[in-house]
Amino acid sequence: MTRIILTSLLLSFCCYTVLVYLYCDTNKIPPGDIARNGWAVWQKNNCQSCHQVYGLGGYMGPDLTNIAAVRDRKHLYTFIKYGTGRMPNLQLPDEDVNAVIEWLSWVNKTGETKVAASAVRWTGTYSINKQQ
Amino acid sequence: MSILFRTYIRFTLLLLLATLAFGVLSSFAFLYPEIYNHYLPFYQLHPMHVSAALFWIISGATACIIYYKQEAFAQENKKSNAVDIFICLWIATILTIFGFYAFRQFGGREYWEFPPFLCIPLLASWLILMTSYLTSLTKATDRKPLYILMWTTGIAFFLVTFIEQNLWQIPWFRQSLLRDITVQWKANGSMVGAWNQMIYGTSLFIMIKISGDKSIAENKKVLFFYFLSITNLMFNWGHHIYNLPTTSWVRHVSYIISMTEWIFLISIIHGFKSKLEERRKLKHLVSYKFLIAAEFWLYANLVLAIMMSIPAINRYTHGTHITVAHAMGSTIGINTMILLAGIGYMLRVDELPLKQKKAIATGYYITQVSLAVFWAALIAAGMIKGYRNTVLNMSNFQEMMQPVLSALKIFSLAGLGVFAGLLPVIAVYLKAVKNLKPEHNQ
Ligand code: HEM
């Protein structure tokens, strides 16, 4: 009996994993080359230890998912290039700063991190698919 | 206990010490970046703290399994080359990772922020450990009680989730940000389930040893809860990413599965009274004390986790320190407590002189009280941020964070308390490793 339950659970897990990989995003926007480099800059400098994307990451700095929607490139450049009293100056070359800004612009296009109150259904879950 | 295994226990305890030290430092670096940014910035301390924490938990869990499996499998004490190789490679890789952090070399993802090629030796050592474990398992005779099933599940799923959390290195996964994030949190969420299997298995094993009651691991009810917990391990990770605009079934599945945790909660409340007698009889034992603490924290964190898994509530708590309360509440309150019970039982701390046992008891109480304040302060910080961010919609980050920082000052002080409380426990344990008599062979 134990064996049957375990096997069925494992099979469901495998099927669900494949479904998630293939279909969790139905509206894919692939990153351009510069954005992809920016992603590497983001990881190499560990921006994620202080910043969140979709609420995930460290909490010292703000969530940057939609920062490109509210700030222009110049503002972003200044912050990332020079830091502030609280954010350190990471001594990035211009090329890296621009790449990471390109990445942030791409991230912004994928959706919104804040869920509007109107998107909450009576069951407690959300309806927030981009395509809806 | 071989010299190498003693070294492994020492290394594991030192990882706990490092977790605490880096944790305290990073909490102050968070509050006072002007002072820390130059020499020890938060972005360097954070990965040091989180990696030390993860490695403390995984190393502690494997140490317990390596030690207790001989008795569980009813096998004689034989030296295993595979385990020795695992220990050496595992320790060497972790030390190398800290070397990279020291030079601010990152490149990985959340919780695994070191350069990703270092995942190769970690993977290799895990495969070696797993092969050795499975070989012993197949040789083990007759019935296999539940804790063995739990250890096996944990070891196997750690491998699966470890590989999964490295899939981002295949470009296809990065063609979509939503897929990348989904897979990342699917892996991390299930990995926590995997180490919980290893740790809860050990807790069950020790409970049977202490109480002498074998039936704990053999009734239908515990088997049911085992299946429920692996169902959660496999499918409930989606509560990390409710706000991600993925297709809605990802959200629905995890919402429904997460709500089955009510069954755990109700069962704990139900079983509470029947345990009072057992508690009265065993509470003088050091290992049992830590198991009771773990049970209390399991209860508290389960309530918090269930609340956070309701999307309508998650909307306020996501991206706030409530997530940190959930993460550290469980890793300190549940995982660390069980591991201290498991390692303590292995080191026979109950046979130590009274003075040392008193030191552990004092540390224990300081830890519990500080942890309660620590946890409450994080929840308060999260609630304040959730309110200001989601209800008031404040756009100025500095202004939004002002009152949050006050709550975090209390958190940092309580963190010092947790450090101070666990310090004597670690010190006595380290001494016990040294003084362990040779007849206490594994
Ligand atoms: C055994 C002890 C500990 C364990 C296992 C542990 C574990 C963890 C884990 C898993 C995280 C990641 C949380 C997340 O990203 O949601 C974390 C973050 C953190 N921990 Fe700990 N921790 C411990 C002790 C401490 C102590 C004593 C302090 C001191 C105040 C501390 C301060 C922090 C800070 C500041 C963060 C970062 C939160 C952020 O991103 O803003 N930790 N810890």
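Q: How many residue pairs are in polar contact between chain B and chain A?

A: In this predicted model, 18 residue pairs are counted in polar contact between chain B and chain A, with both residues at pLDDT 80 or more. On the side of chain B that touches chain A, helix 7 (residues 177–211) of chain B gives the most, namely nine residues. That side of chain B is made up of 41 nonpolar, 23 polar and 12 charged residues.

Q: What makes the pair A:R86 and B:E34 a salt bridge?

A: The closest N and O atoms of A:R86 and B:E34 are 3.9 Å apart, and the rule asks for a side-chain nitrogen of Lys or Arg within 4 Å of a carboxyl oxygen of Asp or Glu, so the pair qualifies. Across the interface of chain B and chain A the rule finds one salt bridge, whereas the count over all chains comes to nine.

Q: Why is the pair A:R73 and A:E102 called a salt bridge?

A: Here the closest N and O atoms are 3.5 Å apart, and because the limit is 4 Å, A:R73 and A:E102 meet the rule. The pair links distant parts of the chain, since A:R73 lies in helix 4 (residues 73–82) of chain A and A:E102 in helix 5 (residues 94–109) of chain A, 29 residues apart.

Q: How much area do chain B and chain A bury between them?

A: The two chains bury about 6000 Å² between them, with 64% of it on carbon and sulfur atoms. In chain B, the residues that lose the most area to chain A are B:Y43, B:L177 and B:R315, together 11% of what that side buries. The contact takes 76 residues from chain B and 66 residues from chain A.

Q: Why is the site of the iron atom of the ligand called octahedral?

A: The iron atom of the ligand has six donor atoms, with angles of 86 to 179 degrees among them. B:H49 (NE2) and B:M328 (SD) coordinate the iron atom at 2.0 to 2.2 Å. This pair joins distant parts of the chain, B:H49 being in helix 3 (residues 42–72) of chain B and B:M328 in helix 14 (residues 321–346) of chain B, 279 residues apart.

Q: How do you know that the side chains of B:S229 and B:Q197 are joined by a polar contact?

A: The polar contact between these side chains is 3.0 Å, and the cut-off is 3.5 Å, so the distance falls within the limit. B:S229 lies in helix 8 (residues 220–235) of chain B.

Note on methods: Residues are numbered from 1 along each chain as its sequence is written. Chains are lettered from A and ligands numbered from 1 in the order in which they are written. This is a predicted model: local features need pLDDT of at least 70, side-chain atom pairs count only at pLDDT 80 or more; totals for chains, interfaces and linings use all residues. Side-chain values use heavy atoms; hydrogens and water are left out. Contact means heavy atoms within 4.5 Å. Buried area is the accessible area (1.4 Å probe) that two parts lose on being put together, summed over both. A polar contact is a pair of N or O atoms within 3.5 Å; within protein, one must be able to donate a hydrogen and the other to accept it, and residues adjacent in sequence count only if both atoms are side-chain atoms. Helices (H or I, at least four residues) and strands (E, at least two) are DSSP runs, numbered from the N terminus. Ala, Val, Leu, Ile, Met, Phe, Trp, Tyr, Cys and Pro count as nonpolar, Asp, Glu, Lys and Arg as charged, and the others, Gly among them, as polar. Donors are N, O and S atoms within 2.8 Å of the metal (3.2 Å for Na, K and Ca); water is not among the atoms, so sites may look incomplete. Four donors count as tetrahedral if all angles lie between 85 and 135 degrees; four count as square planar and six as octahedral if opposite donors are over 155 degrees apart and all others between 65 and 115; anything else is irregular.
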